[in-house]
Amino acid sequence: MRQLDLFNDTAPVQKANQVVEALLRRDWSVLPGALAELTKVDAEHHHAPKFERLCGLIHEWQHLLGAEEIGYEGRCHLREVLNSALTSLADDLMGDAAADWVRPFWGELAEKFERMGERGKEEGAEAYLKAQRWSDVLRMANAFSGKEMRPSVQRWLCLSHLALGHRDEATQSLLRFSWLSPDCLERLIQEASFAPWAQCWRGFQRNLGELDNDWFPAWYLHEFRPLEWRFEAFPQTSAARGYQILLGLLRSESRGIDRTLMADRAKLKNLCPEFFAFYLRHR
């Protein structure tokens, strides 16, 4: 038989554990009673104010989310509550279990945003992402018109494809994101937390750190030769143009040196001498 721990088995600790267990089970009907039992045995319990605040937020969440008349502003209010107070309290009270506990709230909110149609599409996709409902993220992201030129959509596609094990599709969205939002590229690589991409990023910085981040796709093409990948549209930038020129060069090099190859090399040199020098060093 386990020896009684007089500290950990005191009534306040037991009652506090029962509150946490009700929270983790998402048993909202039991939660108020469990909290009342805690305050009955220890009105000054150090976690009681946080438990009360969290219970109040959950009650508000249920009330607003269940209301048929809740509008866009109400949904945005719930998003802010979830982003700040509710998540912060969960972290304090549940530790490592908090992240998994919070995700279903994001899923519920995503469904509410999605029901709004066009107006709630972006908020819905982001909420599904936070809920880690990857198939729903893909479904919503692929429904956006002009998705090839929208950095937010490419981020959603990138992260959801990666989570589902679609590495090629994820990498293609990462490259497109590089053209559309180069200043945020490193942040997305950190968010993905995927070691091969982090290694690629270090390689690009080591080889071409003086160039803007939108040259990362051309570097990737040069290093890994995914010549079969197809992009439906390209932004009108020098880096995207450099990718297209390099793609033609890599495809034609196997045929030997000809006038077309030399003309494309001249185009790449005029476009970006730094990248052309990198390209020549590896011929």
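Against which helices do the buried residues of α8 pack? They pack against α6, α7, α9, α10 and α11, where contact means heavy atoms within 4.5 Å, and where helices (H or I, at least four residues) are DSSP runs numbered from the N terminus. The model is a predicted one, in which local features need pLDDT of at least 70 and side-chain atom pairs count only at pLDDT 80 or more, while totals for chains, interfaces and linings use all residues. Residues are numbered from 1 along each chain as its sequence is written, and side-chain values use heavy atoms, with hydrogens and water left out.

Helix α8 has 13 residues and reaches 18 Å from its first C-alpha to its last, close to the 18 Å expected at 1.5 Å a residue; the expected span is 1.5 Å times one less than the number of residues. Because 10 of its 13 residues are buried, α8 is largely enclosed by the rest of the structure. Here buried means under 20% relative accessible area, exposed means over 50%, and partly exposed lies in between, with a 1.4 Å probe and protein chains only. The buried residues of α8 include Arg-155, Trp-156, Cys-158 and His-161. Just after α8, Gly-165 takes a positive phi of about 85 degrees.

The largest nonpolar core has 89 residues, of which Leu-23, Phe-51, Leu-54, Leu-86, Trp-101, Phe-216 and Phe-275 touch the most other members. Helix α4 (residues 72–94) gives the most to this core, with 10 residues. A nonpolar core is a set of buried Ala, Val, Leu, Ile, Met, Phe, Trp, Tyr and Cys residues joined through side-chain atoms within 4.5 Å. Leaving aside residues up to four places away in sequence, Phe-51 touches Ala-16, Val-19, Val-20, Leu-23, Leu-35, Leu-38 and Leu-93.

**Salt bridges**

The structure holds 20 salt bridges, each defined as a side-chain nitrogen of Lys or Arg within 4 Å of a carboxyl oxygen of Asp or Glu.

| Pair | N to O distance |
|---|---|
| Arg-25 and Asp-27 | 3.8 Å |
| Glu-148 and Arg-176 | 2.7 Å |
| Arg-265 and Glu-253 | 3.8 Å |

In the salt bridge between Arg-25 and Asp-27, Asp-27 counts as partly exposed, at 23% relative accessibility. The side chains of Glu-148 and Arg-176 also meet in a salt bridge. Glu-148 lies in the loop between α7 (134–141) and α8 (151–163), whereas Arg-176 lies in helix α9 (residues 167–180), so the pair ties together parts that are 28 residues apart in sequence. Glu-148 and Arg-176 are both buried.

The remaining pair in the table joins Arg-265 to Glu-253. Arg-265 belongs to helix α14 (residues 259–271) and Glu-253 to the loop between α13 (238–252) and α14, so this pair ties together parts that are 12 residues apart in sequence. Arg-265 counts as buried at 17% relative accessibility, while Glu-253 counts as partly exposed at 21%. Salt bridges that share partners also join Glu-111, Glu-114, Arg-133, Asp-136 and Arg-139 into one network.

**Individual residues**

Lys-121 is found in helix α6 (residues 121–131) and is buried, with a relative accessible area of 13%. A polar atom of the Lys-121 side chain lies 3.3 Å from the backbone oxygen of Ala-143. Not counting residues up to four places away in sequence, Lys-121 touches Met-140, Ala-143 and Phe-144.

Pro-104 has its place in helix α5 (residues 98–114) and is partly exposed, with a relative accessible area of 36%. The C-alpha atoms of Pro-104 and Arg-26 are separated by 10.0 Å, although these residues are 78 residues apart along the chain.

Most residues other than glycine have a negative phi. Gln-132, however, has a positive phi near 60 degrees; Gln-132 lies in the loop between α6 and α7 and counts as partly exposed at 38% relative accessibility. Ser-193 likewise has a positive phi, of about 50 degrees, although it is not a glycine. Ser-193 is found in the loop between α10 (185–192) and α11 (195–208) and is exposed, with a relative accessible area of 65%.

Definitions and conventions
Helix = DSSP H or I, 4+ residues; strand = E, 2+ residues; numbered from the N terminus. Polar contact = N/O pair within 3.5 Å; in protein donor to acceptor, adjacent residues only side chain to side chain.
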